[in-house]
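Please look at the sequence and the model shown here before reading on.

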Amino acid sequence: MVKKEQTKSFARKFVPRIIKAALLVIITYLPLYFISTFIEPFQGFFPWYMPTTNLFAAVFMIFLVVGVFTSGTVYQYVFGVARALVTMIFFIYVLNGGIVALAVPVGGASANIMVDLRVILAMLVLTCLLMIGKNVVQAIDFVSAKGETKEL
Amino acid sequence: MRYVVRALGWATKIIWILMIFFAATSVYSALNVKMGFGQPQVFPSGGYMIISVPLFVNNTGLYDLSELNMTVAVTDCNESLVPTSTTFVPSIPRGSSIERAHNISISIDDITSQLLDYLFNDSVFNLDLSLKLNFARAIPFQVSTNTTMPWGAPLYNFSIGQISYNLLNLTHQELIVPISFENHSPHFGVDGSMRVEIYNDNGELLGFSVSDLNVPSHSGYDGQVETIVDVSKVTGSGEAHFYFETSAFSFGPLVMPYG
């Protein structure tokens, strides 16, 4: 009887989290999939993009799933910070520090293209820093709220 | 604390939305900007040889293009710089297009005095094209390429043949100088005149003559110049000095020994 209750409680606690994690993984993977499909014809120009994106997607999703499973604890925010950091590093790496240089073959000759995306990268880094800040503040709030509850 | 978290959350969301919007519209706009270079053309004009590189930009995107800067550097096979020229367009607003001819002027005198090889030997010019612009006043963009342009010598293989004499009277005779060359230039003909001065071994002028030249592109010239000379001064050998005055270039003297 007790075992049955335990199983029920476990299922009640974890099934919604599994569903939430699965949904978040799908939602996160979709834009990456579409970007990869869009980029595929031009993949020859930036071969470093695909492996990096796959690695990023894997790491990001691991942190996402772990974050969902640890929700209700301070670790949720720790993984949130880790996720934002990974995202920031990914953007810095993929955008080559903001300067993207490509060599495109054009009718026997080669055209060198250089795009300065530092403004975009700065915005992306700012967003990631805001995400980190938000998670840190949330973690502080969580810990202080827990402390207050204990005191009471 | 809750308000701070909420504010940070909203700020993050707003920046993400703005960035995705900007990225999507930028990609859309970039795909709608058509630009390209036409075929370089070369023509003579008032003592200069003009290399004209047509440039067109059609901005049907959502953002303005600004500070368009096109630079063309020409080098020859010896990597010596001929000229570098720049065309600057301050702004190309959205929905507009521009068409500019980027002209590189090379002084013919420079070519003839410093770069004599170009008159008599074929060569290949390297054109380094570089185009910089500012997309949406936020994303600097640069594209550069290099292409080659064949140079055909207008007086390729210029040579004089065996000189012959035609006795006119006891004091004068006609000196006949066969001349041949090929105009390899794909860009201009050799139209104008050629003055020939004949000197003997002692450096004395025997006589001169002026001939008209009309040698179109990719064609040869095979003719002769007749000069009446004083029999007493003829030594059988010496030098012929050639002076060219054409619509494309002026050059001389070209000194060639005979006999």
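A residue is called buried if 20 or more other C-beta atoms lie within 10 Å of its own, exposed if 12 or fewer do, and partly exposed in between, with the C-beta atoms placed from the backbone. Helices (H or I, at least four residues) and strands (E, at least two) are DSSP runs, numbered from the N terminus. This is a predicted model, in which local features need pLDDT of at least 70 and side-chain atom pairs count only at pLDDT 80 or more, while totals for chains, interfaces and linings use all residues. Residues are numbered from 1 along each chain as its sequence is written, and chains are lettered from A and ligands numbered from 1 in the order in which they are written.

The table sets out two helices with their spans; the expected span is 1.5 Å times one less than the number of residues.

| Helix of chain A | Residues | Number of residues | Span, first to last C-alpha | Expected span |
|---|---|---|---|---|
| Helix 2 | 49–69 | 21 residues | 30 Å | 30 Å |
| Helix 3 | 75–94 | 20 residues | 28 Å | 28 Å |

In helix 2 of chain A, the residues Phe63(A), Gly67(A) and Val68(A) are buried. They cover an arc of only 130° around the axis (taken from the directions from the helix axis to the C-beta atoms), which puts them on the same side of helix 2 of chain A. On the other side of helix 2 of chain A, Pro51(A), Asn54(A) and Ala58(A) are exposed.

Helix 3 of chain A has as its buried residues Tyr77(A), Phe79(A), Gly80(A), Arg83(A), Ala84(A) and Thr87(A). Seen down the axis, the buried residues of helix 3 of chain A fall within an arc of 160°, so they line one face of the helix. An α-helix has 3.6 residues a turn, so residues three or four places apart point the same way.

**Where the chains meet**

Counting two residues as in contact if their C-beta atoms, placed from the backbone, lie within 7 Å, 20 residues of chain B are in contact with 22 residues of chain A. On the side of chain B that touches chain A, helix 1 (2–31) and strand 8 (139–151) of chain B each supply at least two residues. Strand 2 (residues 109–116) of chain A pairs with strand 8 of chain B in the antiparallel sense over five bridges, where pairing requires that DSSP finds at least two bridges between two strands. Asn112(A) stands opposite Ser144(B) in strand 8 of chain B.
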